[in-house]
Amino acid sequence: MNMFSRRLPIRTAAIVFAGAALTLAFAAPLQAAPERIRIATVAPKGTSYDKILRKLASEWTKMSKGATKVSVYSGGTQGGELAIVDSMRIDHLQAGLMTAVGLSKITPEVQGMQAIPMMFESLEEVELVNEKLQGKIEKMLADKGFVVLFWADTGWVNFFTTSAVRTPDDVRKLKIFSWAGDSKAETIYRKSGFQPVPMETSEILAGLKTGRIEAAPMPPFVAMATQVSTEAKHMLNINWAPLVGAFVVNKKTWDDLPDDLRERYRKSAIGAGKVIQKLGRIESQRAVDAMKKRGLEVQELDAALKAEWLEAAKQAWPLIRGSMIPADIFDEVEQIVKDHRAGKK
């Protein structure tokens, strides 16, 4: 009789199977952390963004006891934000700190937080809209493979120009920076009478030096950090739009982290986000003061000019609604702001 054809007693079989299961359990490897996490951002090197991300990277490396090496690539060294998104999709990069422009390549709804010019009168309104939209947008991003660890805004985008400007028509005469790859924004600029020139953020300074562009909308601290203000020596002090962004990790990397390490990473990232939000706003005002000492001329607007700019912005809203930003999100943002100003909760 073949030895495999004989039946083992039930008790003996149970012991054999139990032993085999125990052997397999010990043989199965424990969940291992990823060997490397590469974080990218277009934020200039030396800014608070860069410094805080590097501190976060160091914390994450230590938390993994060196099992995961976390590194930061700032200043657009890994390409613009659209390139960063593509690299995260193929796992060449695992994380990124990006504005709504880059995040909108994943899901356009995120532009509701940033891309409606002069929709917001205060950063309080910006925060209110963001709080109400973040939950649904985080789910949309997660469904497409990106996990949000924190959101942050760093104040207002202003116009930096090579000659003094005050009115919308003044800016329309200038060649203005537009994000490379954001064809919808470029189209809206053109239909609004502006002269957009698509390029990467890392090309702005060179573009101003060569005359390829004559204007660039950006937060003051970025203008100082990138030395844009040495070429564009005029700033139009207008709250054109907030700069809103998020720190995201691709879902594959996030899911590969052991549960305990994932939660420690999340808490560490949330702490970093709070610091970025606080310092980013402070740095923008300090940057204006510092640049003024170096020759920056700031153009202030009276009530009549602000009204002229608001009217120009509102003329662009129908172009933005339904193209750059889905109509339902645009309408929700507008309603939240209206309710807030009316004292509704």
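Hi everyone. Let me begin with a definition: a residue counts as exposed when its relative accessible area is over 50%, as buried when that area is under 20%, and as partly exposed in between. By that cut-off Glu121 is exposed, because its relative accessible area is 58%. Please keep in mind throughout that this is a predicted model.

Arg341 sits in helix 13, residues 327-341, while Glu121 sits in the loop between helix 4 and helix 5, so the two are 220 residues apart. Arg341 itself is partly exposed, at a relative accessible area of 42%.

Helix 13 has another such link to show you. Glu332 and Lys136 form a salt bridge through their side chains, 2.8 Å from N to O. Since Glu332 belongs to helix 13 and Lys136 to helix 5, this pair ties together parts that lie 196 residues apart in sequence. Glu332 is partly exposed at 25%, and Lys136 is also partly exposed, with 35% relative accessibility.

Now for a local pair. How far apart in helix 11 are Asp259 and Arg262? They are 3 residues apart, which means a separation of about one helical turn. In general, an α-helix has 3.6 residues a turn, so residues three or four places apart point the same way. The closest N and O atoms of Asp259 and Arg262 are 3.0 Å apart, making a salt bridge. Arg262 counts as buried, because its relative accessibility is 15%. Elsewhere, salt bridges with shared partners join Asp86, Arg89 and Lys105 into one network.

That brings me to helix 3, residues 81-89. Which of its residues are buried? They are Glu81, Leu82, Ile84, Val85, Ser87 and Met88. These buried residues pack against several elements, including strand 1 (36-41), strand 3 (95-99), helix 4 (100-103) and strand 5 (175-179). Just after helix 3, Asp91 adopts a positive phi of about 70°.

Let me finish with strand 5, one of the packing partners of helix 3. Strand 5 pairs with strand 6, residues 195-199, in the parallel sense, over 5 bridges.

How values were computed:
Residues are numbered from 1 along each chain as its sequence is written. This is a predicted model: local features need pLDDT of at least 70, side-chain atom pairs count only at pLDDT 80 or more; totals for chains, interfaces and linings use all residues. Side-chain values use heavy atoms; hydrogens and water are left out. Buried means under 20% relative accessible area, exposed over 50%, partly exposed in between (1.4 Å probe, protein chains only). Helices (H or I, at least four residues) and strands (E, at least two) are DSSP runs, numbered from the N terminus. Contact means heavy atoms within 4.5 Å. Two strands pair if DSSP finds at least two bridges between them. A salt bridge is a side-chain nitrogen of Lys or Arg within 4 Å of a carboxyl oxygen of Asp or Glu.
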